[in-house]
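This briefing covers the cavities of one protein model and the ligands placed in them. Please look over the sequence and structure before reading on.

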Amino acid sequence: MTIQSKSRNNWTVEEIENIYNQPLMELVFHAASVHRQNNQYNEVQVCTLLSIKTGGCSEDCAYCPQAARYTTGIDVHALMQTDEVLSYARKAAEAGSTRFCMGAAWREVRDNRDFDRVLEFVKEVNKLGMEVCCTLGMLTGDQAKKLADAGLYAYNHNLDTSPEYYGEIISTRTYADRLQTLEHVRKAGISVCCGGIVGLGETHHDRIQMLHTLATMPEHPESVPINALVSIKGTPLENQPKVDIWDMVRMIATARILMPKAMVRLSAGRASMSLAEQALCFMAGANSIFAGEKLLTTPNPDFEEDNAMFELLGLQPRVAFKEEHAGIHAH
Ligand code: SAM
Ligand code: DTB
Ligand code: SF4
């Protein structure tokens, strides 16, 4: 085992296969070592999600409760008003979140009054001293620039799975569309948050291919969310079996080794994990979570539960804008 401390973006698929397929304890030890060399190992970023526009989406993402074409029983909601968003943001800041991520069930951003309102949200949340993140679907270069000018810190746009498996999960847009938005975000100087989902019916090879795509980008994403599928009744993936914890650990550990300095986020799926299972994910290099009782539409552990977990495991919340404080720019 050689520990890499310098970030590389020339990983080969074969190298990634060798890392991913190591004996599990070896892999976790390797990832934990890389994590300790590159990051403060006991520090975890606490992010809060808010669904600012819920449901009614025109896309056909097979996992998603918000796609209009599936009957999932969620409460559809038009774009929120600024004061409502700000009151959620203040609560998140008070509870100790340092990143606030606003999600909209849109295929893409359109240049209309709704977008102007989102720009207003970004400006206002920024004033609360939190890192502001959005996930709004596809963006043009011009829209990315407007978000950056409004003070957007990060943009979440997931690749979800491998290029090969993508068509099995989503038919209403392509992998190339996703990559193009990511390029627009990068060019606008916004921090990139990009990851995927485990448990869509993909093979280990698909997971390796997705990690390869992420780890060979000219610059690694600053954040890599690893979601366990939350299977939703009414979606095509409603009968998918619960994701094996060892698959999550393997995925997180490999992401940590490939992208040593990225924030690897243990994202959707924590509500059905035990504390011991989450602890394994932190040991394997996860250093970010979504906190607060709801993700976008599904339940998540509440702040009190997570505070108790942090205390038990000796973890500490990471401060906002840490890279800037240290004089290292995220982009
Ligand atoms: N509409 C925008 C888009 O697709 O980029 C933003 C919101 S979308 C809900 C954000 C991400 O949430 C998706 O890319 C997917 O990775 C994740 N997600 C959605 N439903 C999920 C589920 N049931 N389980 C796990 N992750 C999910
Ligand atoms: C990400 O990777 N996971 C979050 C966030 N980015 C936007 C979303 C998870 C959604 C889980 C299903 C739901 O609550 O609707
Ligand atoms: Fe869900 Fe986003 Fe896909 Fe719409 S584009 S169905 S909100 S994941």
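**Ligands and cavities**

An oxygen atom of ligand 2 lies 2.7 Å from a polar side-chain atom of Thr-297, a polar contact being a pair of N or O atoms within 3.5 Å; within protein, one must be able to donate a hydrogen and the other to accept it, and residues adjacent in sequence count only if both atoms are side-chain atoms. This is a predicted model, in which local features need pLDDT of at least 70 and side-chain atom pairs count only at pLDDT 80 or more, while totals for chains, interfaces and linings use all residues. Residues are numbered from 1 along each chain as its sequence is written, chains are lettered from A and ligands numbered from 1 in the order in which they are written, and side-chain values use heavy atoms, with hydrogens and water left out.

**Ligand 2**

- The side chain of Thr-298 also places an N or O atom 2.7 Å from an oxygen atom of ligand 2, and a polar side-chain atom of Asn-158 is 2.8 Å from an oxygen atom of this ligand.
- Taken alone, ligand 2 exposes 410 Å², of which the protein buries 88% (accessible areas come from the Shrake-Rupley method with a 1.4 Å probe; for residues, only the protein chains shown count as cover).
- The residues around ligand 2 include Leu-49, Pro-65, Thr-135, Asn-156, Pro-225, Asn-227 and Phe-290 (a residue is near a molecule if one of its heavy atoms lies within 4 Å of it).
- This shell divides into six nonpolar, six polar and no charged residues (Ala, Val, Leu, Ile, Met, Phe, Trp, Tyr, Cys and Pro count as nonpolar, Asp, Glu, Lys and Arg as charged, and the others, Gly among them, as polar).

**Ligand 1**

- Ligand 1 is surrounded by 18 residues, and the closest are Tyr-63, Asn-158, Asp-160, Arg-178 and Val-230.
- Polar backbone atoms of two of these residues lie by nitrogen of ligand 1: Tyr-63 at 3.1 Å and Val-230 at 2.9 Å.
- In the side chain of Asp-160, an N or O atom is 2.7 Å from an oxygen atom of ligand 1.
- The protein buries 91% of the 550 Å² that ligand 1 exposes when taken alone.
- The shell around ligand 1 has 11 nonpolar, five polar and two charged residues.

**Ligand 3**

- Around ligand 3 are Cys-57, Glu-59, Cys-61, Tyr-63, Cys-64, Ala-67, Ala-105, Trp-106 and Arg-173.
- Seven nonpolar and two charged residues make up this shell, with no polar ones.

**Cavities**

- There are two cavities of 30 Å³ or more (on a 1 Å grid over the protein atoms alone, a cavity is a set of points where a 1.4 Å probe fits but cannot get out; lining residues have an atom within 4 Å of a point).
- The largest cavity has a volume of about 820 Å³ (grid points are joined across faces, edges and corners, and a volume is the space filled by probe spheres set on the points).
- The largest cavity is lined by 39 residues, with Tyr-63, Cys-64, Gln-66, Asn-158 and Leu-296 nearest its centre.
- By class, the lining of the largest cavity has 22 nonpolar, 11 polar and six charged residues.
- The second largest cavity has a volume of about 40 Å³, and its lining consists of Cys-47, Arg-99, Cys-101, Cys-133, Asn-156, Cys-193, Arg-265 and Phe-290.

Technical notes: On a 1 Å grid over the protein atoms alone, a cavity is a set of points where a 1.4 Å probe fits but cannot get out, and a pocket is an open set with protein on both sides within 12 Å along at least five of seven lines; lining residues have an atom within 4 Å of a point.
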